[in-house]
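Here is a briefing on how some parts of one protein chain are arranged. Look over the sequence and the model, then read the points by topic.

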Amino acid sequence: MKRLISACPCCHETLYISSLKCPECGTEVKNDFNLSRFDQLNDSQYEFLLTFLKLRGNLKDVQAELGISYPTAKKQLDDLLEMLNLCDKKEDETVECNISNLVADRTSMKASEIIKAKLIDCGGHATVYSARGLPCEICAAADGKSFTSDKLPIKPAYEYEVFDVIVDLLESCGGRARKGNGRNYRLGESGCEVNTVVGAVAQYRGSRIGDSVFDPVFVLAAVLEWARIAENGRGELVLLPKYRRGYQCGR
């Protein structure tokens with residue numbers, strides 16, 4: 001039996017279940033059913049989870065079974081816990097920062113500085129919305145270089161510079177690029193190519209071709225639209241013409 005897929009094969013947005021059918025009597029129930037957190041794991045994460053359970057949590061045995069190093073097995077376990085929202089709450093608490101100590105270059109046309117300045121103006125905290133209307137909380141970090149989000153349970157936190165990486169990709173692709181899908185595909189595979197947003201971000205974070213990657217695009221795209229830098233379309237990001245002209249002049 002094939003696993004459920006969590007993303008649309010055409011536009012890569014999150015899918016939901018619309019009907020359930022009994023194979024015995026033919027009864028069919030129609031509604032909008034959300035996928036579980038386990039259905040949103042990519043194939044690599046799902047395989048790791050099954051192996052981890054089969055071997056009763058012994059990481060050394062998992063390492064031998066999958067043919068990976070112990071540090072890699074430990075990292076994959078940490079990534080799996082983050083994807084399933086099972087991390088220690090104490091570790092994930094956002095450190096409250098003093099907004100008055102944060103500074104942004106308000107003359108810069110870089111996406112990183114525009115977003116940082118806008119977040120500072122909002123008191124260091126804002127709610128942005130994904131293409132499907134999912135709310136995402138973003139907070140300025142105390143280091144002045146990074147930000148956190150309740151939908152991005154990953155360390156180290158993303159730096160504002162990641163938005164410059166995305167804008168550079170959009171510029172190189174004529175102002176628009178596919179978002180890509182890092183949940184179901186490895187970096188470099190069809191659907192998660194290096195010239196997609198998730199591919200560019202993954203490379204920026206140090207991933208290599210063939211690696212399983214964390215997919216933060218639905219949050220990052222929402223932030224870019226909130227800052228009026230790009231349009232968060234279905235399956236693609238489009239750089240707004242006004243910002244594009246300004247970005248080119250400010251480079």
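Glu-189 sits in the loop between strand S6 (176–178) and helix H7 (197–204). Helices (H or I, at least four residues) and strands (E, at least two) are DSSP runs, numbered from the N terminus. This is a predicted model: local features need pLDDT of at least 70, side-chain atom pairs count only at pLDDT 80 or more, and totals for chains, interfaces and linings use all residues. Residues are numbered from 1 along each chain as its sequence is written, and side-chain values use heavy atoms, with hydrogens and water left out.

**The loop residue**
- Glu-189 is partly exposed, with a relative accessible area of 35%. Buried means under 20% relative accessible area, exposed over 50%, and partly exposed in between (1.4 Å probe, protein chains only).
- Glu-189 and Gly-199 are ten residues apart along the chain, and their C-alpha atoms are separated by 9.7 Å.

**Helix H1**
- H1 covers residues 43–54, twelve residues in total. At 1.5 Å a residue they should span 16 Å, and the end C-alpha atoms are 16 Å apart, which agrees. The expected span is 1.5 Å times one less than the number of residues.
- Asn-42 caps the N-terminal end of H1, with a side-chain oxygen 3.1 Å from the backbone nitrogen of Ser-44.
- After H1 comes Arg-56, whose phi is positive, near 55°.
- Ser-44, Gln-45, Phe-48, Leu-49 and Thr-51 are the buried residues of H1. They pack against helix H2 (59–66) and helix H3 (70–83). Contact means heavy atoms within 4.5 Å.

**H1 against H3**
- The axes of H1 and H3 are 10 Å apart, at an angle of about 105°. Axes are lines fitted to C-alpha atoms, for helices over the stretch in contact, and angles run from 0 to 180 degrees between N-to-C directions.
- That makes H1 roughly perpendicular to H3 (65 to 115 degrees; under 35 is roughly parallel, over 145 roughly antiparallel, and the rest oblique).
- Gln-45, Phe-48, Leu-49 and Phe-52 of H1 meet Ala-73, Gln-76, Leu-77, Leu-80 and Met-83 of H3.

**H6 against H8**
- Helix H6 (residues 161–172) and helix H8 (residues 217–226) have axes that come within 11 Å and cross at roughly 85°.
- H6 is therefore roughly perpendicular to H8.
- Val-162, Phe-163 and Ile-166 of H6 make the contact with Leu-220, Val-223 and Leu-224 of H8.

Conventions
Polar contact = N/O pair within 3.5 Å; in protein donor to acceptor, adjacent residues only side chain to side chain.
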